[in-house]
Structures are given as structure tokens and as C-alpha cells.
Amino acid sequence: MALILDVAAQGAQMMLVLVLAPLLTGLVRKLKARLQRRRGPSLLQPYRDLVRLLRKEVVLAENASWLFRVIPYLVFATTWVAAALVPTFQTGLLFSWTADLIAIIALLGSARFFLALAGLDVGTSFGGIGSSREVMIASLAEPAMLMVVFTLALIAGSTQLSTVAAFMASSEVGLRVSLGLALFALIMVAIAENARIPVDNPATHLELTMVHEAMVLEYSGRHLALIDLASELKLLLYVSIIGCVFVPWTLAPAGAGVQILLLAAATYLGKLLVGGLLLALFETAVAKMRVFRVPEFLGAALMLGLLATLLLFVSRSL
Amino acid sequence: MNRLVFDVAHMLAGGLLLVSFMQLYQDRLYALLNVFALHAVVLALSVAWQAYIQNAPHLYVTAAIALLFKGIVIPVVLHRMIIRLGIHREIEQVVGVAPTMLLGMGLVGLSMVVMLRVTAAADPLAREDLAFALSVVLLGLLMMVTRRNAVSQVVGFMSIENGLVLAATGAKGMPLVVEISVAFSILIAFIVIGIFLFRIRERFDTVDVQALDRFRGERR
């Protein structure tokens, strides 16, 4: 009986991230539009887009290989697994022993690798530009992300998200400058990884600046729907990680009562709302930078992560 | 030892180090001066916290000096100076941002290795303060080496002094007289450097110190 309940809880979380991901993207778009004094599409527009794309016929390039057709499913599957592993409102789920930060980074990394391959597969110049830029960004963002993980692991003594969240919620943590630096580094990495504004503009198809959009330019129909859903899931994943690690006090522990679970779910929705609002504000306030300045931006994230790790060695453990 | 006491001291000293890195990162003169003022404010907070936990009232005077002179007076004067020199929109760099940052990280690592090994017997609070202070000093030196504009070299020089003050407050028992005299000698040095800046500009029409190399015949 207990096992069934555990499976149900894990399944509920998997479905929850899938259902909420387009809503978060729709929320960010709506808020950005309102901030620019436009009315903007409805909150449900991403769902409608997905349904429309799923109904449409797939147009494939003549020289597309089997890889091109398989990759959307691979990208979607790896991103969904990664997003489902992050504790959203409850820790200690059935699969939480696999919810390791390094595993999540590896899953996202392989999704990106496949997507970059797909960009190269058809052999158009835009796909090539997109892939090369994406890989350049990733080669800087991933070390920065790993530095953040090292910092968390050194503080909490584990890379497993449930344990990290439990440790962060306890009073053991205290006041640490490293955590602040790690938070900033993580936010910068999240902005770069999700192709948000200072690094890449998710709403444009201007060939000089696009990165993510250039890679997926050749996709259509259900393939495009899956890739879009995967990038929406990725945004949700990063907001969830930040919420789970840095605002962990409202997570329900394993085997909590219904009331606590409902409260935790409500606060999770609140976290997504706040995250979306902050992202929309930030994106409205800053201008997109040149592609050549992205290494500087991510270099700062890497430096913050490195500094956070270094500062831990002169902290309480002296 | 009380954990909160240590955590706050660590946070403020770490914040000072972070602001040092922001100084290295910032290549616009006007913004650089704002970051320098922030550096002094964080230093003042850090010193005031040390005064509180060491129960040493004279350190409050040091904090006030840092806040008043280095946080307000010197940045304001430098702001006016760069506007008078007409260089407040200038962007300058000798080495790129990325190598500078890497060098800076290396220096921080070095100072931690050295300081933690040398001060093994001391109180943890003093140890971390000394490690951070040495890194701030080294980053100030790095700043002086990597910049070619005389004004940002002055900022580097001032941030070295900030690091020294941090070290002095961490090690208990520095007399107030020494502190005040250090503060005043820095102020005098600042005035002298300011006069020099205008002299350099009068002679060479620029405050780029590479122009001086050319006149000494070291270049080309």
C-alpha cells in the first residue's frame, strides 16, 4: 500500500511539472507584455501552441537523417526526467535517491548535446551558427554550475537535492556569504541556459542574435512541440532548483499529512509566480548583449562560483 | 565561540573580497569610483562589527574614518577630478577581463594557502580576517598592475589600504594612534597623487601612464 502511495506521489510530481511548465512560460510572456504596456497573449497560449503544433504535419528536410527525427524525443525525455527529479513541493519521494545535482546536470548536458547535433544535422548555416554558439555558452555555463554544486555539496555534505534541501531548512546553515555568491552564480547560469534576455532572446528570429531558435529552426509539427515543451520544462526546472535549495522552508517532508502537502503545493505555486515575476522584471529592465560579451557574463558566474567554493575553506571549519 | 558572530564577520569580510573583484571587473571609470565607495562602506561595516564583538570602542572611530573619508570624501573628489580631466567616459584595460579574473582567483587561493598555514595557532576569527585582508591587498596590487589610467591606479592603491585596515582590526590591539596616522598618511598621499595627476595631464595631455614610458624611452 505504502509503495503504491509513493509511486502515486512521484507520478503526481512528474505530471505536475509537465502541466505547469507551459503555464510558467505563458506567465512570463504575459507579465513581460504587461510591463511593456501591451496586452499580450493569454496565459494559456503556450498550451494552445503545443496542441496546434501536435496536430500539424511534420515537414522534414530532404537530407535529414534518422538522428534528426529521434532527437526531439530524446531531448524531451531527458529534460522531463531531470525536471521530475527536482523536489517541487515534497522531498523524499520514491526516486529522490536519484535526484542528484550532478545527475541532473548530466541529463541537461546530454539534452543540449543532442540538440546541438540536430542543429548540425541538416547542414544549414543557421543550424551551424546556433549549435556553435550554444556549445560556446554551455562550455562556460556548465563549469559555473558545477562550482555552484561543489559549494552546495561542501556545505550540505551531499549532492542529493532532498538532503541539501533538508540541510538548508535546518538552522545548521547559519549566515554564509558563499550561499549568496552561489545563488547569484546559479541565477546567471539559469538565465544563460534558458536562453533568456541578456544572453539570447527567446522571442526573436533575427539571425544575427538568435542562439536557441537558430538550432531548432528546421523543426516543425510535433517535433517542434516536443522541443518547445522541453525548453519550457527547463525553465521550470531551474526555478524549482532555486526554490528548493534557497527557499526550502515550505517543502513537505516525506510522509507528511494532506494539509501540509496542500500548503507546500500552494507555496510552490507561489514560488513559481515570484520567479516568473522576477524574470519578467529583469528581462524588461536589461538589454540583450552582444554574443561576444556572453563569455564575460558567464565568466563572472564562474568566478562567483569559484569564489564561493574558495571562501568555504576559510569558514567555520578552521 | 558564538556562531553568529563568526558568520557575520565572515560574511562582511567575504563581501569586501567580492567588492574587490567587482573593482577588477569594472572598466568604466565612473562606475569604478562607485564600486570603490561601496568597498569603503563594506569595510566600515566590517570594522564596526569587529568593534562590537571585540568590545573595542576605538575601532568605531576607525569605522567612522573609513566611512567618512574613503566612503564619501575621496570618491566625491575623484568624481569631480575625472570630470575636470574630461575622462569620465573612458574605458581602459591593459589585460582582458577574463585573464585578470583568473589571476585574481589565483591570488586569493595563494593568500589563503599562505595565511592559513602561517597562522595555524591563532584564533579562527583573526585567521579568516587575515586571509581575506591579504587577498584584498593582493587584488589591489593586481588592479594597479593591470590598469593604465592613473585614476584607477589610485583606486587600486586606496583599496590596498582598505585591506590593511581589515588586517589591523582582525589582529586585536592595534592602537588608535597608529590607525589615525595611517589614515592621514593615506590622505596626504591621495592629495599628492591628485596634484601629480594634474601635472601629468598638463605635460602629456593624458593620464595614461603608458605615455610616461614613452618619454622615458622605454617604449619603441
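**Note on a predicted two-chain model**

1. Leaving aside neighbours within four places in sequence, A:His212 is in contact with A:Gly130, A:Glu134, A:Ala195, A:Asp200, A:Pro202 and A:Ser231. Contact here means that two C-beta atoms, placed from the backbone, lie within 7 Å. A:His212 sits in helix α8 of chain A. Helices (H or I, at least four residues) are DSSP runs, numbered from the N terminus.

2. This is a predicted model, in which local features need pLDDT of at least 70 and side-chain atom pairs count only at pLDDT 80 or more, while totals for chains, interfaces and linings use all residues. Residues are numbered from 1 along each chain as its sequence is written, and chains are lettered from A and ligands numbered from 1 in the order in which they are written.

3. Is A:His212 buried or exposed? A:His212 is buried, because 24 other C-beta atoms lie within 10 Å. The cut-offs are 20 or more such atoms for buried and 12 or fewer for exposed, with partly exposed in between; C-beta atoms are placed from the backbone. From A:Val28, A:His212 is 184 residues away in sequence and 18 Å away in space, C-alpha to C-alpha.

4. Confidence comes next. pLDDT is the predictor's confidence in each residue, from 0 to 100. Chain A has a mean of 89, with 98% of its residues at 70 or more. Within chain A, helix α8 (residues 212-215) is lowest, at a mean of 86, and helix α2 (residues 45-55) is highest, at 95. Chain B averages 83, and 95% of the residues score at least 70. Within chain B, helix α8 (residues 210-216) is lowest, at a mean of 72, and α2(B) is highest, at 91. Where pLDDT is low, the predicted coordinates should not be read in detail. For the model, ipTM is 0.77 and pTM is 0.87.

5. Now the contact between the chains. Chain B gives 24 residues and chain A gives 19 residues. On the side of chain B that touches chain A, α1 (3-25), α4 (97-118) and α5 (124-146) of chain B each supply at least two residues. The largest share, twelve residues, comes from α1(B). By class, that side of chain B has 16 nonpolar, four polar and four charged residues. Nonpolar covers Ala, Val, Leu, Ile, Met, Phe, Trp, Tyr, Cys and Pro; charged covers Asp, Glu, Lys and Arg; the others, Gly among them, are polar.

6. In chain B, α5(B) packs against helix α6 (residues 150-170) at an angle of about 170°, with the axes 8 Å apart. The pair is therefore roughly antiparallel. That label needs an angle over 145 degrees. Axes are lines fitted to C-alpha atoms, for helices over the stretch in contact, and angles run from 0 to 180 degrees between N-to-C directions. Residues of α5(B) in the contact include B:Leu130, B:Phe132 and B:Val137; those of α6(B) include B:Phe157, B:Ile160 and B:Leu164. The contact has 15 nonpolar, seven polar and one charged residues.

7. Check the length of helix α2 (residues 29-54) of chain B. At 1.5 Å a residue, its 26 residues should span 38 Å, and the end C-alpha atoms are 37 Å apart, which agrees. The expected span is 1.5 Å times one less than the number of residues.

8. Most residues other than glycine have a negative phi. B:Asn55 follows α2(B), with a positive phi near 55°. B:Asn55 lies in the loop between α2 and α3 (57-85) of chain B. A:Arg37, not a glycine, has a positive phi of about 60°, and is found in the loop between α1 (2-35) and α2 of chain A. A:Arg37 is exposed, with 7 other C-beta atoms within 10 Å. B:Asn55 is exposed, with 7 other C-beta atoms within 10 Å.

Conventions
Parallel < 35°, antiparallel > 145°, perpendicular 65-115°, else oblique.
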